[in-house]
Amino acid sequence: MRWLALTLALLLAGPALAVQPDEVLDDPVLEERARDISAGLRCPVCRNESIDDSSAPVSRDLRLLVRERLVAGDSDREVVAYIVDRYGEYVLLEPTKDGANLILWLAAPALLIAALGIGYGAIRSRASADAPDGLTDDEEARLSELMGKR
Amino acid sequence: MITELGHFALVLGFAIAIVQMVIPLVGAHKGWRGWMAMADPAATSQVILVGFSFLALTYAFVVSDFSLRLVFLNSHTDKPMIYKITGVWGNHEGSMLLWLLILVLFGACATWFGQGLRPEFRARVLAVQAAVSVAFYAFILFTSNPFLRLAVPPLNGQDLNPLLQDPGLAFHPPFLYLGYVGLSMSFSFAVAALMEGRVDAAWGRWVRPWTLAAWVFLTIGIGLGSWWAYYELGWGGFWFWDPVENASFMPWLFAAALLHSAIVVEKREALKSWTILLAIMAFGFSLLGTFIVRSGLLTSVHAFANDPERGVWILIILAIFMGGALTLFAARANAMRASGVFQSVSRESALVLNNILLAVSSFVVFVGTIWPLVAEMFLDRTLSVGPPFFDAAFTPFFVAICLVLPVGAMLAWKRGSLAKAARPLWPAALLAVALAGLAYALQTSRSSLGPIGVLLGVWVVAGSLVDLWSRTGRGDLAGRIRRLGRLPRGDWGKMVSHAGLGITVLAIAGHLAWQEEDIRVAREGESYAVGAYEVTLVGVREVQGPNYISTMADITMSRDGRRVATLNPEKRYYPVADMPTTEAGIRNGFWRDLYVVIGDPQTGGGWAVRTHIKPFSNWIWGGSILMALGGLISLSDRRLRVGAGAGRTARREPSDGVPAE
């Protein structure tokens, strides 16, 4: 099924290489930062590809822009802000941690805590039923009634 | 003519499925044997009819019958025969027919292997299975009919997408579908059990092999897709957290949870209602995956609005089956009485923890996948949720799973002791820490990703070996080795699968942390160094393929003056589809892959060349293969053999149902 995802991306993509040799900066530290930043920016016309992976022309423009800003002395944060100002929140592959997006970011810990709580509660109530001596028939019936209601 | 017969067979199958959905259900309710027995021949005849229909479509592709719209859109006379055949499912309509074929095949398996099941139960299972297939017959016939003709047949077709003309991808969809649809079995069993209001060990014994089989197929399907992306897309990525990938990953996680909790039902008669819920959710996520892929909804809300019909259909199918099953669950879950009890520290609890981690991680993938849609619809924000989010939100769950797994796997059933389970694992823990320290000392970067991956991977692999060894009991070495060969296949399967997971985890971390990359312009004859390797671009030539034109480079790589590889990366151009593709030149190695991609000729002369050294690449898929293999070994266990002793289970249970572990 994956081809459906990638067909469109590749239809829009032209040649095979993403980062072209002529884009690479001479300063390896700046280049490393440029690669890190581009891996977090989405190609605006592709399907779920970062500009670092994409071979679409607009991605090349964005990669060059990132490097241009870095050479001009911007910090990583400033470069990203610069791109987001012009292309919108859509290009951020890592959603911001503000406003409603907090629901997204907190979903994992919140769900985990809730699930662990429920699981622990269920096991505890089950475990306490594991009395060493067998229960009488009446107790057994009452217990399963209680367990059933849970 | 054959095509019309295929079309007719499909309609006939639809009619039979409707009957199979109703009659056996009524029969089971009233206790009428004849009505119940009707389900068996109906299920078998559905396979014959849909199978014929599928063969008819295949025939149309093989003989290039361009009067069929589908063949015209997706085939071409110049295409190699193998891709004419795989082209049958390389498109929406054909793949839905394949989906249906697999669905009715699974339904029939319940007939063929399920003679040991109680007749009422089998009738209900087959009726539910038929209900699912009715929905998909209707979907195919009314929205995606593969047998539509063209009034004026064109001379030649429009070719299959060149990306699909690849062995890795050609067989990716059938495996994925076997997995998706295999989960319909557990769904039907769950719903039938809810109708009867009873779940017992025999139920777990039945559901587990089917879930295991589905999970094995999903593992192979996902692995194939990931392998394909690695060598075909040209930058060596293997997982992109794309919605379509997530669509297959969510059912995989749920199936993994389900097959573990079914163990508890089978062996301990506990966690019944939870297992039923998991079975429903697992198939629900399969349907959701189909919806995501087929509707195009997640590409963009607008793509969905342009062609809403198919998406809405699947959404309705999803709503009916999930809504119905969950309502039934709410009404009947209380009837599932657990007879097995267990303490807080026990194998059962460890499996509950496993289920929680797998299910919650799957929900996290789900939330991340649909969040852009939610934000666009309700918050009026267009945003993306990409790999950085999933890496951050999902990875901790697998770190936790890997940490807990070896200990949990060795805990005793019912009432365990952490200290007792952990004692034999100390050597494994020491080995893991030592190797992680070694990795940290040897690596040049300061990244912690690689060492952590080594720690977790070695811990899980060594832990599973210790687990298997501990099953041989006490005594002298020779006796234990002899007993090793006589252990149940289930124990071996468990070890192999868990070790596979450890290897995959280690490989992914090592691969990401320690790969090297070089991008440059190279002239023909030029040599340069990448890592420890000397790379030479010997030459570039044009090659004519069967239905493409290729620009092929000859690149040699040598190490310490000894040639290790001659690679031929290609850029292919498919004129019929007007599409370029990349074929990376890859030399697979045990420790690392050498991976070269040729790019465009440069204006100043020379070619753009990208060279990667990718450590542990093959271990990623090797681990996946081991996981699948472990599942298969487990399936071959006599105890789990589909249908083995299903009828005798109730009587045999006390004697050998609960192994003393």
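I'll start with helix α6 of chain B, which is mostly covered: 17 of its 21 residues are buried. Keep in mind that this is a predicted model. The helix spans residues 92-112 of chain B. From its first C-alpha to its last it reaches 30 Å, close to the 30 Å expected at 1.5 Å a residue. As a reminder for reading along a helix, there are 3.6 residues a turn, so residues three or four places apart point the same way.

Now chain A. What is it built from, helices or strands? Chain A has six helices and zero strands. Read from the N terminus, the order of elements is α-α-α-α-α-α. The chain has 150 residues, and buried ones make up 32% of them. Taking the contacts in chain A with a separation of 6 or more, 54% are between residues 24 or more positions apart.

Next, the contact between the two chains. Chain A puts in 46 residues and chain B puts in 59. Which elements of chain A give two or more residues to the side that touches chain B? They are α1, residues 2-12, α5, residues 101-128, and α6, residues 137-149. Of these, α5 of chain A gives the most, with twelve residues.

To go back over the main points: chain A is six helices with zero strands, α5 of chain A gives the most to the side that touches chain B, and α6 of chain B is mostly covered.

Technical notes. Residues are numbered from 1 along each chain as its sequence is written. Chains are lettered from A and ligands numbered from 1 in the order in which they are written. This is a predicted model: local features need pLDDT of at least 70, side-chain atom pairs count only at pLDDT 80 or more; totals for chains, interfaces and linings use all residues. Helices (H or I, at least four residues) and strands (E, at least two) are DSSP runs, numbered from the N terminus. The expected span of a helix is 1.5 Å times one less than its number of residues. A residue is buried if 20 or more other C-beta atoms lie within 10 Å of its own, exposed if 12 or fewer, and partly exposed in between; C-beta atoms are placed from the backbone. Two residues are in contact if their C-beta atoms, placed from the backbone, lie within 7 Å.
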